[in-house]
Amino acid sequence: MTTQKKPTIMEWQALYAAADQFKKAKCWEWMAEDDLFGVKDPESDVIAFCCIMGAGGEHQALAAYSGPAGLNSYLELADPDNDNDDFDKMFSQKCLMGSFEDREMLEKEDLKIIKDLGLRYRGQNQWPVFRSYEPGFSPWFINAAQCRFLTYIFQQALEVSLRVRSNQNLLGAPSQFNFLVRTPAGKQPFSWTDEYHTIEPEPTNYVSVEITNEIMLKKLRSLKTQPGLTLEADVFYLPAPVREEGRPYLPLVAFLLDHNQKMIIGYEMFREIQTEGFRCLDLLVRHIFKIGKLPAKLLVSQERSYYLYEKICGQLGISLERNPKLPLMREVRQGMEDFLNRQSSVRKR
């Protein structure tokens, strides 16, 4: 589990009790996923934006998106016009989540806690699971501070939901980014009050790389453009968690494809784009020098990829286009994911 302080048995007991009360009330029967409201952490003053899921009758959960960055990750996930890959959107979330799952979805750590608490659950969508989501990382077990905050979140989500059922105007005016925030006062047990805040989401800070070596740039610019030569380039998460120390992370892979020949040119795997995005540039530059021509066009599907290659395409006069539906890239990605899934199932035997 996490190297940070683990919850005590009393902290777990309080969280499971709050989650059970929330589950019993079935708040998702009248709360929609876009009925957002905030809960302020008494310890850190961070505001978590709460989303109650389950109206569709499938995934029953309470997600609390942390701060403006978390709010932005919720908006990207919920935006029907956001055509980024669903897997990438899912693992770009910044939130705490309590969900109700089937027993086989629980890890042995979850089952041990339930056993130690003397709790019993039966049936589908009945077993509580609590996880922390951070961009680029696998969902992970919560620490003590997160356990306490998630307990307050469940308690206040139930309070807000019951009041919304009889007062549809509680969540405030329908103006964008105006939120009801449940705010603690005094010492524990806290007195909770309603406050209304206008909070803007924190915009995504996309990485863009460029050629800084003037000699290399001059050589590349001396090459002729090959009309009709179109390449595809994309960067996405792989569903194959890597654990070196601490919390497992999801590696990124950058693919470069020949759109016309429908073939893989090369790929690079790395941990994070902020410090290793230059490897995507190197992959493209190596291929350009190999063929001795500049491509006329570079196609990408992910928004992340568009910004990553924007500067280098501008430097070299390469047309950059984003197309969320690139069949070849989708096929290559699916092939790699299938391979990793087969490898994983072999290791489990």
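**Close-up A. The side chains of arginine 163 and aspartate 194 meet in a salt bridge, with N and O 2.5 Å apart.** This pair links distant parts of the chain, since arginine 163 belongs to helix H5 and aspartate 194 to strand S7 (residues 191-198), 31 residues apart. A salt bridge here is a side-chain nitrogen of Lys or Arg within 4 Å of a carboxyl oxygen of Asp or Glu. Helices (H or I, at least four residues) and strands (E, at least two) are DSSP runs, numbered from the N terminus. The model shown is a predicted one, in which local features need pLDDT of at least 70 and side-chain atom pairs count only at pLDDT 80 or more, while totals for chains, interfaces and linings use all residues. Residues are numbered from 1 along each chain as its sequence is written, and side-chain values use heavy atoms, with hydrogens and water left out.

**Close-up B. Aspartate 194 also meets arginine 182 in a salt bridge, at 2.7 Å from N to O.** Here too the pair links distant parts of the chain, with arginine 182 in strand S6 (residues 178-185) and aspartate 194 in strand S7, 12 residues apart. Salt bridges that share partners join Glu159, Arg163, Arg182 and Asp194 into one network. How buried or exposed are the members of these pairs? Arginine 182 is buried, with a relative accessible area of 6%, whereas arginine 163 is partly exposed at 25% and aspartate 194 is partly exposed at 30%. Buried means under 20% relative accessible area, exposed means over 50%, and partly exposed lies in between (1.4 Å probe, protein chains only).

**Close-up C. Glutamate 11 and arginine 148 form a salt bridge, their closest N and O atoms being 2.8 Å apart.** Glutamate 11 is buried, with a relative accessible area of 17%, while arginine 148 counts as partly exposed at 26%. In general, side chains of opposite charge can pair when their charged atoms come close. The count of salt bridges in this protein comes to 12.

**Close-up D. Arginine 247 is buried yet has no salt bridge.** Arginine 247 lies in the loop between strand S8 (225-237) and strand S9 (252-258). Which side chain of opposite charge is nearest to arginine 247? That side chain is glutamate 134, and it is 5.2 Å away. The side chain of arginine 247 does reach the backbone oxygen of serine 132, at 2.5 Å, and a polar atom of this side chain lies 3.1 Å from the backbone oxygen of serine 138. Leaving aside neighbours within four places in sequence, arginine 247 is in contact (heavy atoms within 4.5 Å) with Ser132, Tyr133, Glu134, Phe137, Ser138, Pro139 and Trp140.

Close-up E. At 0% relative accessibility, serine 305 counts as buried. The side chain of serine 305 makes a polar contact with the side chain of aspartate 234, at 2.7 Å. A polar contact is a pair of N or O atoms within 3.5 Å; within protein, one must be able to donate a hydrogen and the other to accept it, and residues adjacent in sequence count only if both atoms are side-chain atoms. Not counting residues up to four places away in sequence, serine 305 touches Ala233, Asp234, Val235 and Val300.

**Close-up F. Alanine 48 has its place in strand S2 (residues 47-53).** Alanine 48 counts as buried, because its relative accessibility is 1%. Leaving aside neighbours within four places in sequence, alanine 48 is in contact with Phe37, Gly38, Val39, Ala64, Tyr65, Ser66, Phe149 and Ile153. The C-alpha atoms of alanine 48 and valine 181 are separated by 8.8 Å, although these residues are 133 residues apart along the chain.

**Overview. The protein has 349 residues, of which 47% count as buried.** Its secondary structure comes to 10 helices and 12 strands, and its C-alpha trace spans about 70 × 55 × 35 Å along the principal axes. Among the contacts with a separation of 6 or more, 64% are accounted for by residues 24 or more positions apart.

Terms used: Lys, Arg positive; Asp, Glu negative; His and termini not counted.
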